[in-house]
Amino acid sequence: MGGFFQRQLAVYVEYHRDPRNTAMHVVGILLLFTGAVLPLTLVKLPLFGFNVSLAVVLAVPVLIYWLLLDAALGLGILAVSVVLFSVATTIAAQVGTATMWAIFATLVALGLAAQAIGHKVFEGREASLFTFPSHLLLGPMFVMAKLFIALGFRRDLAAILAPLPANSLSTR
């Protein structure tokens, strides 16, 4: 899926050129993912003799999709997901139901706010999600690709994700 992924990423990046917006997306995606899985970690399903949380069951198809889009980035997201699942599971186990729902609401609200601020303030345009709903699944791949590039990996994606030069005309 390399070519397909790179074409999707090229469209996605047009809405995410400003580095400050990218930073807001890192924060927003981490908060949204953790918030979204938090209540789902409480629901346990028997699977192959183990109790598996509904969060993991629902995340598996998306994780497989990310691995198919790009194996290296997908593995990076899988690693981060394990950490975020652990954080959500720990929070859910340590607090009462009302507190858990309050944390859920706070994480989701802050995650959405970070993304909205990033787009409105730093990009000066609406989020790409409204035009391209599939971008909901590309956000984590974009963030992981940025991380890989910053660490000196994935030069093949660096040209696609490069920020516009400060003196260039914006695509707004």
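**Figure 1. The largest nonpolar core of the predicted model.** This core has 28 residues, and those touching the most other members are Phe5, Leu9, Leu73, Met141, Phe142, Leu157 and Leu161. At least two core residues come from each of α1 (2-13), α2 (19-37), α3 (54-69), α4 (71-94), α6 (135-150) and α7 (155-161). The greatest contribution is that of α6, which supplies seven residues. In soluble globular proteins, nonpolar side chains tend to be buried together.

**Figure 2. Surroundings of leucine 73.** Neighbours within four places in sequence are left aside. Beyond them, leucine 73 is in contact with Phe5, with Met141, Met144, Ala145 and Phe148, and with Arg154 and Leu157. Leu73 and Met141 are also among the core residues that touch the most other members.

**Figure 3. Packing of α4 and α6.** The axes of the two helices lie 9 Å apart and the packing angle is about 100 degrees. Because this angle falls in the range from 65 to 115 degrees, α4 is roughly perpendicular to α6. On the α4 side, Ala72, Leu73, Gly76, Ile77 and Val80 take part, meeting Pro140, Met141, Met144, Ala145 and Phe148 of α6. Sorted by class, this contact comprises nine nonpolar residues, one polar residue and no charged residues.

**Figure 4. The hairpin formed by β1 and β2.** Residues 44-47 make up strand β1 and residues 50-53 make up strand β2; the two pair in the antiparallel sense over four bridges. Lysine 44 has serine 53 in β2 as its bridge partner. Two residues lie between the strands, and phenylalanine 48 in the turn has a positive phi of about 55 degrees.

Terms used
Residues are numbered from 1 along each chain as its sequence is written. This is a predicted model: local features need pLDDT of at least 70, side-chain atom pairs count only at pLDDT 80 or more; totals for chains, interfaces and linings use all residues. Side-chain values use heavy atoms; hydrogens and water are left out. A nonpolar core is a set of buried Ala, Val, Leu, Ile, Met, Phe, Trp, Tyr and Cys residues joined through side-chain atoms within 4.5 Å. Buried means under 20% relative accessible area, exposed over 50%, partly exposed in between (1.4 Å probe, protein chains only). Contact means heavy atoms within 4.5 Å. Two strands pair if DSSP finds at least two bridges between them. Axes are lines fitted to C-alpha atoms, for helices over the stretch in contact, and angles run from 0 to 180 degrees between N-to-C directions. Angles under 35 degrees count as roughly parallel, over 145 as roughly antiparallel, 65 to 115 as roughly perpendicular and the rest as oblique. Ala, Val, Leu, Ile, Met, Phe, Trp, Tyr, Cys and Pro count as nonpolar, Asp, Glu, Lys and Arg as charged, and the others, Gly among them, as polar.
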